[in-house]
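I opened this model to look up its cavities, one of its sheets, a hairpin and the contacts between its chains. My entries follow in the order in which I made them.

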Amino acid sequence: ASTCVKGDRKAPYTIGWANIYSVPTWMKQTEGTITAEVDELKKAGLVKDLMITDAQGNAQTQIQHIQSMIDANVDAIVVIAGSSNALDRVISDACDKGIAIVNFDSLVNTDKVTAKINTDSSEWGGEAAKWLVNQLGGKGKIIVMNGPAGISVSDDRRKGAQPVLDANKGIEIITETNTEYNVAPAQEAMTSLLFANQEIDGVLSLGGALSAGSVLAFDRQGREQVPITGENARQFLELWKEKGLKGWATMQPNWLGALSVYTAVQALEGKTVPAFIKVPLPVIDDSSIDSYLARADKFPADGYIYSDYDKALFDKLLAQ
Amino acid sequence: MTRVKAILRNPPLLTFLLVALVWLVAGLSLRGFGAYGHLRYLLEIAAVIGIAAAGQTLVVLMGGIDLSVGAVITVTAILLPLLSPAWDPTGLVGVALVLTIAIGIGLLNGAGATFLKVPPIIMTLAMATFLQGMLVLVAGGSAVTVQNPAVLLLGQSRPLGVPAGVVLWVLVSAGMLLLIHRMPIGARFLALGANPLAARLSGVSTTRNTLILYALSGFFAGLAGLLLLGMNRQGYVGIGDPYLLTSIAAVVLGGTSILGGRGTYAGTIPGAILLVTTTALITVVNASPGWRSIMFGTLILALLMISGREARR
Amino acid sequence: MTQASSSGLYGAIQRRRNRGLVGLYLVVGAFLLLYAVLFPGILTIGGFSKFTQNWFPLALVTMAQALLMLNGGITLAIGPLVSLGAVIAATTMGSAFGVPGGILAVIAAGLGIGAATGAIVALLRLPAIIVTLAGSFIITGVALILLPRPGGFVPGWLSTLLAGHTPVAFLLLLVILALWKIFLATPLGLAIYAAGDNPVGAFRSGVPIERVKIVSFALSGVLAALAGLFVAAQTGSGDPIIGAPFTLNSIAAAVLGGVGFLGGKGTMRGAVCGSLLLSVMINVMFFLGFPPVAQYVAQGLIIVGAVAVPARLALWRAAR
Amino acid sequence: MTDAGPLLEARRVFKGFFGNPVLKGVDIALRPGRVHALLGENGAGKSTLINLLSGALAPDEGLIAIDGRPVSRLSPATARAAGIAVVQQELSLAGELSIAENIGLGAYPRRFGLIDYAALARGVREVCDLVGLTEPLDMPVADLALGRRQMVEIAKALFRKPRVLILDEPTSSLSAHEAGVLGRVIATLRDRGVAILYISHRLNEVQALCSHVTVLKDGGVTADRSLAGIDGEGLVRLMVGRETGELFPPRRQGQAGGMRLDIEGFSAGLVRHARLVGRAGEIVGIGGLVGQGQEDLLLGLYGAIPARADRAEIDGRSGLPANVAAANAAGMVYVPADRKHEGLVLPHSIASNILLPSLGRLARGGLRDRRAEAGLVADLARQLMIKGDVARPVQALSGGNQQKVALAKWLPLDPGVLLLNDPTRGVDIETKREIYLMLRRFAAEGRLVILASSDTPELVNLCDRVLVLREGQVAAELSGPSITEAAIVGAAMGVEQGAGPGRRAVQ
Ligand SMILES: Nc1ncnc2c1ncn2[C@@H]1O[C@H](COP(=O)(O)OP(=O)(O)OP(=O)(O)O)[C@@H](O)[C@H]1O
Ligand SMILES: Nc1ncnc2c1ncn2[C@@H]1O[C@H](COP(=O)(O)OP(=O)(O)OP(=O)(O)O)[C@@H](O)[C@H]1O
Ligand SMILES: [Mg+2]
Ligand SMILES: [Mg+2]
């Protein structure tokens, strides 16, 4: 059996979805995939209830919520961690109680979880850096745009890029920024950098909204666009097409949420699920961007265009 | 000599001088910082803070604080595309609708503060929470890319080379200075802020003025939201979040007392520019996030020591 | 407690301070009752321990904030100080310093930073709100330098001791409240009130108001840093930005508890009650099964109601 | 008088604020067993001088000596340690703290580092008994009326068992009874050898209590002499520097005018079912012991606290004003007793304060008319002889001038009914005369003046009719020749008319 699962729980299950913050659009979309999956599972008689909490960005509150879920004796908890290790203890408490814990996107340190599901953030950074280096022919001045300081995802992506940058001595980092994963602050920061630096050859952006903000800044200041990396944010993909950018993007698929619920139920049903499910990073480049944009209307304007998913994909990933 | 002393005793003027000094030093030492385009851009983003801080200035002058500014900005930025009717080619109907909502939110804040006797900080915090909840419903909804021509004009056009947002800010500033210094209601706000009981016994109605005050605060936050939306072309949840603390910081940096009854919008204007300038300055310096944060805080503190000495209580 | 404090006068003064708080006590009591009905497990030692552990850090930071507000000040650096406390704990305890060294380092940092802030505010006569705003950036920076991403280590036995299945946190809170009572029974403690209420009058009565201000900032710093230490123990590690939400929550809890901005108005017990309300509210909403939207809306209404209902009742009673 | 050396003295002290000299080389010496009066007009610098003597301010030049030894850098704490206690004109109390905690502030008895509440209770009880404070010691000071707070302030000074006691207008908010108690306390302390400095604008008190006087004028000492052989008029002459006329203006001759105020069954706060009548041209006094509902009566009429009436007619309109704005619109204005907290916006300028009620009237097209405002302010300042720059904050004015501002702001409204609560509190004798004249003039112009006062002579000599309140009821209504001190005090204390003790303000 899988970690945490003791086999004493019977379907239909109650699932707890301990969200760290439900307001951002990425989260909202993720929640959409979760509720859709739960509806499916309800039809199959496997799930009876979904409890959703929103810690409003406060890791302390998230601990409190997970504690309440333990108290309410849910069968499984699906969680995006508000801090990469703050939840360790409460999660291992839950695990001890035989609750299936599936952790995705922002991961915890502890291994006392049923499964962790994520793309590889380090690979994210590495692949992005590789693409940019190739675009620049191994030589040029770049700006690195990071997410907020002090957060592991942002740190992991940045760290993943470092070996690639180290290996290419021709690449010079002019400066780095740390902003929220939002358009306006990224645009503000990039504008100041544009004025301070006449020569910028590329932008290594490690987040979708950051890329959109950067492109907008170049555009508004009338500067020629440079090669830029990013994510599947609809706004960035649309700008990419509209401005004819040299671009590259990957994604953190929102269906990680659905996959997590699916995995939890599978584990409760007695299947052995892998402790770590690595979801490959899809790549969006000039060859595939059109196929993504064709589906753009189905996604919110400030949302993320994620790749298709189905049960077969989930089963394949679980069979790793 | 006495002229110099008068300037040094006039906090808004002193803050202006400080801004000029920072610009001068930064312009000379950092390539590109002093470029006309850059300074113009700084003014443009300062305009958003300045307009959001207009309402905040009034609220703080009257001894309150408005923690719903960020949420109101987000709400207007999100709602405008949804509420702009397609049949209106000017886009003004949507603008009017959204501003009415912003004023309505302000009025609710005011009503809570005067009728329910809830401290403004609690009332506006609760309102911000409430609005967040509403946003969870609306967000991720259909189109939030703005097509509204009025808002796009506001955010994108540059009549005579001056960004429209800066023009709007100049108008707001003129209105604010008029309101505070040349209109009866400004004097009433100040009196209520300094001594509510004495003001009330002098025939100044608390109820009426509190309602007007928070309605104004909602209005200015809404206006800032529209400008921000126009500048970004797209609203998203959380777009207003950074403006809560910055609006308060601009007010206090401008020499307005957080206890109420003393201050002026003339201080908030350079306060907003100062904040934006400091942020830009820190952005172009290459340092680790930790060191940047330290530099930012130290710079604010240093500028404060030069400009913001509070008179002995 | 000394013989003196159990005398008639002391008791009578204390009883009077409860009068204005009856409304709040009733509201908090009602929520606690509702919680116990929804989740009887709270009445077991384990349930009680977990619940109070989640409340404990908020209670501490609320005390830290209320202490300053009573003295006519305010701080926006609470959250960063909590983070710094957690970071220092998590970086020192695993090293040669050990746990005692770590605790000392946390206390020293809180004391030193608090006293320095207080000295700037009191001696240079700068407004507390903006000094602490600037301070919050500086402290965040230091925390990020010490620990750029979540990590570090707190010994398991300490975590188990403070945040295990025993109500140690609650007992600590009682001890801290008792210490506060004792402090308030010292001339210096009462001077915090007197100087907050009427600084000129207190100065003329021979109260060293500058020193009092510095002391209150220093004590507030210690409380906030200790909250950080507890958070580190509770989570088993440090996180350089985990404290951020505490700043606003501490102010909200204090105001909810009847502490005024102008100094000298309110009581510590009210503030602690306010923090309890904020904490128990989260659990109650969970057990009522509120979806996120309702959580936000209800939270707003509860906060307003908790102030408005007692206030209106008092007016109504006065009018009769 | 004794020949012992001075306990506390100021030698040629200079002090100015922002370049304006207030004290220009002042000497004063306080000797044990002597009650020393310090006289001077409002703004003469009396409070400033005692701030220097008690270490709250440092002199620009000159020095302060204790026991004949000059002290450098005197602070309030060191002054207190040397046995100097001050009853400030501005209260130095913390509202949220209890009476006992306030009285002990800065001098708490300690036990193991903690405040010894038992000892504190004993010590406080002792001084409270001395000054007649009967309220429970655990009561927060904020719950006390102004006069009682003043008694707490006095008790706070006595608690330290001072060698030097400085009292800055201690009786300005006290009732006659409380003032009498204070007088006895002062006499006792004097006999024990305490050096006392006594500041008051009530010259009868000075005459009754003091044996030596220093007079301040224009920043200097114009008299420093024994009071022996000086009568009341002599004292006034000493202070004002010239012959003066009667303090009270002559009464109205002839009949009062039409009805301005006619209320039956009026209740507000403490006041229950009062019948109130006022005619144009009348000055109606409201008397009684402190806290018998006088303030509630005025506030209720003014719409500031909830009030009820069976029938009310005010200047032809029926009904009580619902709020302050309605009262103002009906031509009623109110001058509170606690001018610092209720009457003035202290940090704002004289001009702002004066203009506050009439902002709307002076505005043109929604904007303030600067020229009209400046004209009005200048006019009023001249009319009420408010000296100095009108852009100064009211905070920086002396008490008397603050009172003038609190009154002046209402004149532009051309009020029909003036509600005044102790308008001459803390006002010097010349200004008092001006205010009395002004009130008479208002009445002569056909207005109705309702004057609550704790100063019985004022009721006797100024009012046409006096209502005496006791426990919220009208205990007596006196008019014409039946208004005597004896009658007022008698009715106030619930003694048969005419049989009252007829005590003077200070014995
Ligand atoms: N001078 C005073 N001292 C103590 N309490 C007062 C005083 N004046 C008014 N209050 C209290 O304040 C409360 C509010 O009064 P009220 O409702 O009349 O306010 P208001 O300012 O007149 O409102 P509005 O002008 O909008 O009608 C009253 O119930 C009263 O108890
Ligand atoms: N803090 C201050 N700032 C500026 N001016 C001040 C200050 N304190 C006092 N003054 C001025 O000093 C002068 C003397 O004031 P002071 O209070 O000593 O007078 P006073 O004799 O006590 O008057 P009163 O009888 O009215 O109490 C006044 O003109 C006053 O305006
Ligand atoms: Mg004086
Ligand atoms: Mg009213």
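**Second largest cavity.** I looked up the second largest cavity in this predicted model and noted a space of about 140 Å³. I counted 16 residues in its lining, and those nearest the centre are Arg204(C), Ser205(C), Arg80(D), Val86(D) and Arg160(D). Three elements of chain D give two or more residues each to this lining: helix H2 (76-81), strand S6 (84-87) and helix H5 (146-159). I sorted the lining of the second largest cavity into seven nonpolar, four polar and five charged residues.

**Largest cavity.** I then turned to the largest cavity, whose volume is about 180 Å³. It is lined by 16 residues, and I wrote down Ala176(D), Gly288(D), Leu289(D), Thr456(D) and Val489(D) as the closest to its centre. Which elements give two or more residues to this lining? I found helix H6 (176-191), helix H17 (456-462) and helix H18 (485-493), which belong to chain D. H18(D) gives the most, with four residues. The lining of the largest cavity divides into eight nonpolar residues, seven polar ones and one charged one.

**Sheet in chain D.** Next I traced an open sheet of four strands in chain D, with the order S2-S1-S4-S5 and antiparallel pairing. Which strands are at the edges? I have strand S2 (20-30) and strand S5 (69-71) of chain D down as the edge strands, since each is listed as pairing on one side only. On average, neighbouring strands of the sheet are turned by 35 degrees against each other, with direction ignored.

Strand S1 (residues 8-17) and strand S4 (residues 61-66) of chain D run antiparallel and are joined by five bridges. Opposite Phe14(D) I found Glu61(D), which is in S4(D). A general point I kept beside this entry is that side chains in a regular strand alternate between the two faces of the sheet.

I also looked up what lies across these strands. Helix H1 (residues 46-53) of chain D lies across S1, S2 and S4 of chain D. I noted its direction as about 120 degrees to S1(D).

**Hairpin in chain D.** The bridge partner of Leu469(D) in S23(D) is Val474(D). The hairpin of S22(D) and S23(D) has two residues between the strands, and I noted a positive phi near 50 degrees for Glu471(D).

**Contacts between chains.** Chain A and chain D do not touch, and I noted 34 Å between their nearest C-alpha atoms.

I finished with chains A and B. Between them they bury about 3,000 Å², of which 49% is on carbon and sulfur atoms. On the chain A side, Val23(A), Phe195(A) and Arg220(A) lose the most area to chain B. Together these three make up 23% of what that side buries.

Technical notes: Residues numbered from 1 in each chain as written. Chains lettered and ligands numbered in written order. Predicted model: local features only at pLDDT ≥ 70, side-chain atom pairs only at ≥ 80, totals over all residues. Heavy atoms only, no water. 1 Å grid on protein atoms, 1.4 Å probe; cavity = no way out; pocket = protein on both sides within 12 Å on 5 of 7 lines; lining within 4 Å. Points joined across faces, edges and corners; volume = space filled by probe spheres on them. Nonpolar A, V, L, I, M, F, W, Y, C, P; charged D, E, K, R; others polar. Pairing = 2+ DSSP bridges. Axes fitted to C-alpha atoms, helices over the stretch in contact; angles between N-to-C directions. Contact = heavy atoms within 4.5 Å. Buried area = accessible area lost by both parts, 1.4 Å probe.
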